[in-house]
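The sequence and the structure come first, and the text follows.

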Amino acid sequence: MDSLDKLIKEIESNSLVERFKQLEKIIDSDQLLNQDYKELLELQKIMVNKREKKSKDFKLAENNYNNAKDNVLKHMILSEYLDLLEEINYDLNMIQKIISEEINIDFK
């Protein structure tokens, strides 16, 4: 098994990732949770798009997103899911940065 396979296996067996997968299955199987989460993602896209285009409707889009986020965070499962998503993304970004730095060192 090469280093990449070991890294992938290590990530997949991480307790946070395993819990994240469990929550993902619960959310996918619950129509209300899934709908609320998808709505949040859609409102996030709209908000980011309006922010990037410096649209005059940005504040409205931001308020709509924040209201939907508050609604989503009332669900314990979605709240935990989003916390884990943030934590896992942070860890993956750190891993990516370390790999990138090591590659750069090898090419110098």
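Leaving aside residues up to four places away in sequence, Asn 34 touches Ile 27 and Asp 28. The model in which these contacts are found is a predicted one. Asn 34 has its place in helix 3. Is Asn 34 buried or exposed? Its relative accessibility is 17%, and buried means under 20%, so Asn 34 counts as buried.

Asn 34 also takes part in a contact between two helices. In general, a pair of packed helices is described by the angle between the axes and the distance between them. Here the axes of helix 2 (residues 15–29) and helix 3 (residues 31–52) come within 5 Å of each other, and they cross at roughly 100°. Helix 2 is therefore roughly perpendicular to helix 3. On the side of helix 2, the contact is made by Ile 26, Ile 27, Asp 28 and Ser 29. Helix 3 contributes Gln 31, Leu 33 and Asn 34. By type, the residues of this contact divide into 3 nonpolar, 3 polar and 1 charged.

Another residue to look at is Glu 62, which lies in helix 4 (residues 58–73). Glu 62 is 36 residues from Ile 26 in sequence, and the two C-alpha atoms are 28 Å apart in space.

| Residue | Relative accessible area | Class |
|---|---|---|
| Asn 34 | 17% | buried |

The chain as a whole can be described next. The protein chain has 5 helices and 0 strands, and along the sequence its pattern reads α-α-α-α-α. The C-alpha trace spans about 50 × 35 × 15 Å along its principal axes. The radius of gyration of the protein chain is 18 Å, whereas a compact globule of 108 residues would have one near 13 Å.

Of the 108 residues, 20% count as buried. The accessible surface of the protein chain comes to about 8500 Å², and carbon and sulfur atoms account for 52% of this surface. Among contacts between residues at least 6 apart in sequence, 63% join residues at least 24 apart.

Methods:
Residues are numbered from 1 along each chain as its sequence is written. This is a predicted model: local features need pLDDT of at least 70, side-chain atom pairs count only at pLDDT 80 or more; totals for chains, interfaces and linings use all residues. Side-chain values use heavy atoms; hydrogens and water are left out. Axes are lines fitted to C-alpha atoms, for helices over the stretch in contact, and angles run from 0 to 180 degrees between N-to-C directions. Helices (H or I, at least four residues) and strands (E, at least two) are DSSP runs, numbered from the N terminus. Angles under 35 degrees count as roughly parallel, over 145 as roughly antiparallel, 65 to 115 as roughly perpendicular and the rest as oblique. Contact means heavy atoms within 4.5 Å. Ala, Val, Leu, Ile, Met, Phe, Trp, Tyr, Cys and Pro count as nonpolar, Asp, Glu, Lys and Arg as charged, and the others, Gly among them, as polar. The radius of gyration is taken over C-alpha atoms; the globule rule is 2.2 Å times the number of residues to the power 0.38. Buried means under 20% relative accessible area, exposed over 50%, partly exposed in between (1.4 Å probe, protein chains only). Accessible areas come from the Shrake-Rupley method with a 1.4 Å probe; for residues, only the protein chains shown count as cover.
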